[in-house]
Amino acid sequence: MRAARFVISLDLELYWGVRDHRRLEDYRVALLGVRRAVPAMLKLFEDYGVMATWATVGMLFCEHRDELLASLPRRIPAYRDASLSPYPHIASIGKNEVEDPFHYGLSLIRLIEASPGQEIASHTFSHYYCCEPGQDADDFEADLEAAVTVAARRGIRLSSLVFPRNQVRREYLEICRNLGLEVYRGNPPGWLYQAHARARNTGFRRAARLLDSLTPLTGARCISAVSPLVRQPVNVAATRFLRPLATRSPWLARRQRARICREIDEAVRCGGVYHLWWHPHNFGVGLEAHLSELLYILDHMARWREAGRMVTATMADVARQGLGYQEGPWVSPAL
């Protein structure tokens, strides 16, 4: 049987990813903590030989505000909820990463690029929301073009994409393919994880997803091999979000890691893919406690690897090896 693949993807976004629902004053400690969390995670990945995909907001590639303004997409989405647009916010940010560590991230990107086995991927240019009313396919194409261009300016070719807020819009996948994106992180199967606009992310959905991270509400999930001839981009679907529970409740954190380890075991049994993801800012407060939880999970993975039953891989590696979901017709999810 084919060895299972262990995939980690991280959504590197700094304040661009939370600005529509968190005040900077309230979240600055966690965002500053990213500056410690990224090198600490890279060191742990190197120690364990873990390859990971870092989905990075395109705005973070810019060295200063003038470059950011010169890199804006040719079209700006007109979200019905104007608070979702980051563009008016640009006027209030600092000039560069030294002055403003919340909106620039080139030093972090360079650190990741210099680390062995790490893939830098796209999280769109502006943390773009594909399922929100007011935007359209032309807006998305312009945004993704800007992301590809700004990364290329730094000598980085983007192969993988993570849709912000997991708002996968399937009829946008052909745009991704045309711009050279080979793989994306899809959502886990089932109604609980379907792509939807923010207004549909109800308290009930959030509570059910939390419960599912602690107990097998939806059962184990395993991505099986498909033909490498499947048209791109390939869906290397997420399995589990690593919730930052260690600083909230050690008991819940233990339940979560037990759930994750059981799912890893299932991936090994079916020879498929286990895909774990989180945001670096989730580790921004309580870094040591969160690293301890991650260490436990990596130890469990390493035992299977030593037995020859699991290897680590980036999202791009998995797609090129012919693993992922076979996609049907590209149609829009219901909004």
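Visitor: Which helices each supply at least two residues of the lining of the largest cavity?
Guide: This is a predicted model, in which local features need pLDDT of at least 70 and side-chain atom pairs count only at pLDDT 80 or more, while totals for chains, interfaces and linings use all residues. Residues are numbered from 1 along each chain as its sequence is written, and side-chain values use heavy atoms, leaving out hydrogens and water. A cavity is a set of points on a 1 Å grid over the protein atoms alone where a 1.4 Å probe fits but cannot get out, its lining residues having an atom within 4 Å of a point. With helices taken as DSSP runs (H or I, at least four residues) numbered from the N terminus, the elements that each give at least two residues to the lining of the largest cavity are α7 and α8.

Visitor: How much space lies in the largest cavity?
Guide: By this rule there are two cavities of 30 Å³ or more. The lining of the largest cavity includes Ala253, Gln256, His290 and Glu293, and by class it has six nonpolar residues (Ala, Val, Leu, Ile, Met, Phe, Trp, Tyr, Cys and Pro), two charged ones (Asp, Glu, Lys and Arg being the charged class) and two polar ones, the class that takes the others, Gly among them. With volume taken as the space filled by probe spheres set on the grid points, the largest cavity holds about 50 Å³.

Visitor: At what angle do helix α7 and helix α8 pack?
Guide: The contact, meaning heavy atoms within 4.5 Å, involves residues including Arg257, Ile260 and Ile264 of α7 and Tyr296, Ile297 and Trp304 of α8, and its residues divide into eight nonpolar, one polar and four charged. α7 covers residues 250–270 and α8 residues 287–306, with their axes, which are lines fitted to C-alpha atoms over the stretch in contact, 10 Å apart. Between N-to-C directions, on a scale from 0 to 180 degrees, α7 and α8 pack at about 20°.

Visitor: Is the crossing of α1 and α8 left-handed or right-handed?
Guide: The axes of α1 and α8 lie 11 Å apart at an angle of about 20°, and the two helices are therefore roughly parallel to each other. Residues including Met41, Leu44 and Phe45 in α1 meet others including Leu291, Leu295 and Leu298 in α8, in a contact of 12 nonpolar, no polar and four charged residues. A crossing is left-handed if the near helix is turned anticlockwise from the far one by less than a right angle and right-handed if clockwise, and the crossing of α1 and α8 is right-handed.

Visitor: Which residues of α3 make the contact with α1?
Guide: The axes of α1 and helix α3 (residues 106–113) come within 10 Å and cross at roughly 5°, which means that α1 is roughly parallel to α3. By class, the contact has seven nonpolar, one polar and one charged residues. Val34, Arg35, Val38, Pro39 and Leu42 of α1 face, on the α3 side, Ser107, Leu108, Leu111 and Ile112.

Notes:
On a 1 Å grid over the protein atoms alone, a cavity is a set of points where a 1.4 Å probe fits but cannot get out, and a pocket is an open set with protein on both sides within 12 Å along at least five of seven lines; lining residues have an atom within 4 Å of a point. Angles under 35 degrees count as roughly parallel, over 145 as roughly antiparallel, 65 to 115 as roughly perpendicular and the rest as oblique.
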